[in-house]
Amino acid sequence: MKEVRFRAWHTKEKKMYYRAYQRFFSVILCERDRTLDDGRGRPVKRAWYGDCFLLESTGLEDKSRKEVFEGDVVRVKLRDKIFQGVVGPVPDTFGAGKIHPLKELLQKNGITGYPEDLEIEVLGNEFEDQELL
């Protein structure tokens, strides 16, 4: 079972936080801690849910081993086909079998099933890199 990980876009600050952890009434926002680099980040503030977009990890990495999240703008190559788009919501796979985390983007480009040989490159994200849209 994959670990469910989130990062967060803080709408008022217009800032992307490396990790986000959900609590009862708020979100704990973390910046990357390069000294520890354990993947959890260093908590820096608490925010209200209404001030954040929580973006779930797809569980995939791009060709540079960068984690792919909802909202990322990616370039995808599958054999001779190359396309670019925004990663949509990660499918809820609880009891649903094997669904590709990029299902929505793949279907928009005529690809069905669960292709294993995708080459993915994260170009940016829809919040910080509007020029890519």
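How many bridges join strand E8 to E10? In this predicted model, strand E8, residues 72-78, is joined to E10 by six bridges, and the two strands run antiparallel.

The pairing of E8 with E10 belongs to an open sheet of three strands, in which the order is E9-E8-E10 and the pairing is antiparallel. Strand E9 (81-86) and strand E10 (119-125) are the edge strands of this sheet, each of them pairing on one side only. From one strand to the next, the twist averages 15°.

The loop between E8 and E9 contains Arg 79. The phi angle of Arg 79 is positive, near 55°, in a residue other than glycine. Most residues other than glycine have a negative phi. Arg 79 counts as exposed because its relative accessibility is 60%, and the cut-off for an exposed residue is over 50%.

A positive phi is also found at Arg 65, where the value is about 65° although the residue is not a glycine. Arg 65 is located in the loop that lies between strand E6 (52-61) and strand E7 (67-69). With a relative accessible area of 65%, Arg 65 is exposed.

A further open sheet is formed by three strands in the order E3-E4-E5, again with antiparallel pairing. Its edge strands are E3 and strand E5 (42-47), and each pairs on one side only. The twist in this sheet averages 30° from one strand to the next. Four bridges make up the antiparallel pairing of E3 and E4. Within this pairing, Tyr 21 has Ile 28 in E4 as its bridge partner.

Between strand E3 (19-22) and strand E4 (27-31) lies a loop that holds Phe 25. Phe 25 has a relative accessible area of 66% and is therefore exposed, given that the term applies to values over 50%. Together with Phe 24 and Trp 48, Phe 25 makes a nonpolar surface patch of about 510 Å².

Aromatic contacts were also examined. A pair of aromatic rings is described by the distance of the centres and the angle of the planes. The count comes to two aromatic pairs. One of these is formed by Trp 9 and Phe 127, whose rings lie 5.3 Å apart, centre to centre, with 20° between the planes. The pair is classed as stacked, because the angle falls under the limit of 30 degrees for that class. Trp 9 is part of strand E1 (residues 6-10), while Phe 127 is in the segment after E10, so the pair ties together parts of the chain that are 118 residues apart in sequence. Trp 9 and Phe 127 are both buried. A single aromatic cluster is formed by Trp 9, Phe 53 and Phe 127.

Note on methods. Residues numbered from 1 in each chain as written. Predicted model: local features only at pLDDT ≥ 70, side-chain atom pairs only at ≥ 80, totals over all residues. Heavy atoms only, no water. Patch = residues over 30% accessible without salt bridge, like charges linked within 9 Å, V, L, I, M, F, W, Y side chains within 5 Å. Areas by Shrake-Rupley, 256 points an atom, 1.4 Å probe, with all protein chains shown as cover. Salt bridge = Lys/Arg side-chain N within 4 Å of Asp/Glu carboxyl O. Buried < 20%, exposed > 50% of the residue type's maximum accessible area, 1.4 Å probe, protein only. Pairing = 2+ DSSP bridges. Axes fitted to C-alpha atoms, helices over the stretch in contact; angles between N-to-C directions. Phe/Tyr/Trp six-rings, centres within 6.5 Å; stacked < 30°, edge-to-face > 60°.
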